[in-house]
Amino acid sequence: MAQLDRPKLTAIRDQLDTLLEEAARSQMTLREASPFLVTHEIARGDERRILWQARSRSSVGHGA
């Protein structure tokens with residue numbers, strides 16, 4: 001799992017079992033599962049970035 005830290009694939013690392021189970025239930029091939037995992041990683045990164053930006057904006061108005 002440490003290999004997933006180096007390229008910063010933290011969403012995949014944190015939820016790998018769940019994502020692989022979902023891919024298996026959907027009977028995805030490896031070719032289909034790869035973009036599924038990458039898409040999930042990108043979405044999680046976008047979500048975290050939005051939350052970080054929202055927190056930054058709210059703290060600016062509070063003198064933090």
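Residues are numbered from 1 along each chain as its sequence is written. Because the model is predicted, local features need pLDDT of at least 70 and side-chain atom pairs count only at pLDDT 80 or more, while totals for chains, interfaces and linings use all residues, and side-chain values use heavy atoms, with hydrogens and water left out.

Colleague: Which helices hold Arg44 and Asp14?

Modeller: The side chains of Arg44 and Asp14 form a salt bridge at 3.6 Å, N to O. Helices here are DSSP runs (H or I, at least four residues), numbered from the N terminus. The pair ties together parts that are 30 residues apart in sequence, because Asp14 lies in helix H2 (residues 10–25) and Arg44 in helix H3 (residues 30–60).

Colleague: What is the relative accessible area of Arg49, which forms a salt bridge with Asp46?

Modeller: The closest N and O atoms of Asp46 and Arg49 are 2.5 Å apart, and the two residues, three apart in helix H3, are separated by about one helical turn. Asp46 is partly exposed at 33%, a class lying between buried (under 20% relative accessible area) and exposed (over 50%), with a 1.4 Å probe and protein chains only. Arg49 is also partly exposed, its relative accessible area being 45%.

Notes
Salt bridge = Lys/Arg side-chain N within 4 Å of Asp/Glu carboxyl O.
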